[in-house]
Amino acid sequence: MSVDQELIPERDRVESAEPVSTATVVAYVVVGALLFGWFLFGWLVLQQGFIDSVGEAAGTGFALLLIVAIIGSVRRSRR
């Protein structure tokens, strides 16, 4: 039994990725804290239930991720 190996050099396999800036990491941490606060607000203040609050916070998070993905693809296509 043999295994086919790719003949691509190691240096060509890895694509150069841009480093993530500190501002981006801080923005993601702030958004994560706001989503957690949104979850706690819905659960404890509005008393809408644990599962409903988790779903609302997760839905908001996924919507934000979708917006970030759309903006990123538009910016990348302009390069």
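This is a tour of the structure, one selection at a time.

The model is predicted: local features need pLDDT of at least 70 and side-chain atom pairs pLDDT 80 or more, while totals for chains, interfaces and linings use all residues. Residues are numbered from 1 along each chain as its sequence is written, and side-chain values use heavy atoms, with hydrogens and water left out.

**Whole chain.** Start with the chain coloured by secondary structure. The chain has three helices and zero strands, in the order α-α-α from the N terminus. Helices (H or I, at least four residues) and strands (E, at least two) are DSSP runs, numbered from the N terminus. Of the 79 residues, 6% count as buried; buried means under 20% relative accessible area, exposed over 50%, and partly exposed in between, with a 1.4 Å probe and protein chains only.

**Helix 2.** Select residues 22-45. The 24 residues of helix 2 should span 34 Å at 1.5 Å a residue, and the end C-alpha atoms are 33 Å apart, which agrees. The expected span is 1.5 Å times one less than the number of residues. Gln-47, which follows helix 2, has a positive phi, near 55 degrees.

**Aromatic cluster.** Select Phe-36, Phe-39, Trp-43 and Phe-50, which ring pairs link into a cluster. Rings of Phe, Tyr and Trp (its six-membered ring) pair if their centres lie within 6.5 Å; planes under 30 degrees apart count as stacked, over 60 as edge-to-face and the rest as tilted. By this rule there are five aromatic pairs. One of them, Phe-36 with Phe-39, is tilted, at 6.0 Å centre to centre and 35 degrees between the planes. Phe-36 and Phe-39 are three residues apart in helix 2, so about one helical turn separates them. Phe-39 counts as buried because its relative accessibility is 11%. Trp-43 and Phe-50 have ring centres 5.2 Å apart and planes at 75 degrees, so this pair is edge-to-face. Trp-43 is partly exposed at 34% relative accessibility, and Phe-50 is partly exposed at 44%.

**Largest pocket.** Select Thr-24, Tyr-28, Val-68, Ala-69 and Gly-72, which lie nearest the centre of the largest pocket among its 17 lining residues. Helix 3 (50-77) and helix 2 each supply at least two lining residues; the largest share, 11 residues, comes from helix 3.

**Second largest pocket.** Finally, select Glu-18, Pro-19, Val-20, Ser-21, Thr-24 and Tyr-28, which line the second largest pocket. A pocket is an open set of points on a 1 Å grid over the protein atoms alone where a 1.4 Å probe fits, with protein on both sides within 12 Å along at least five of seven lines; lining residues have an atom within 4 Å of a point.
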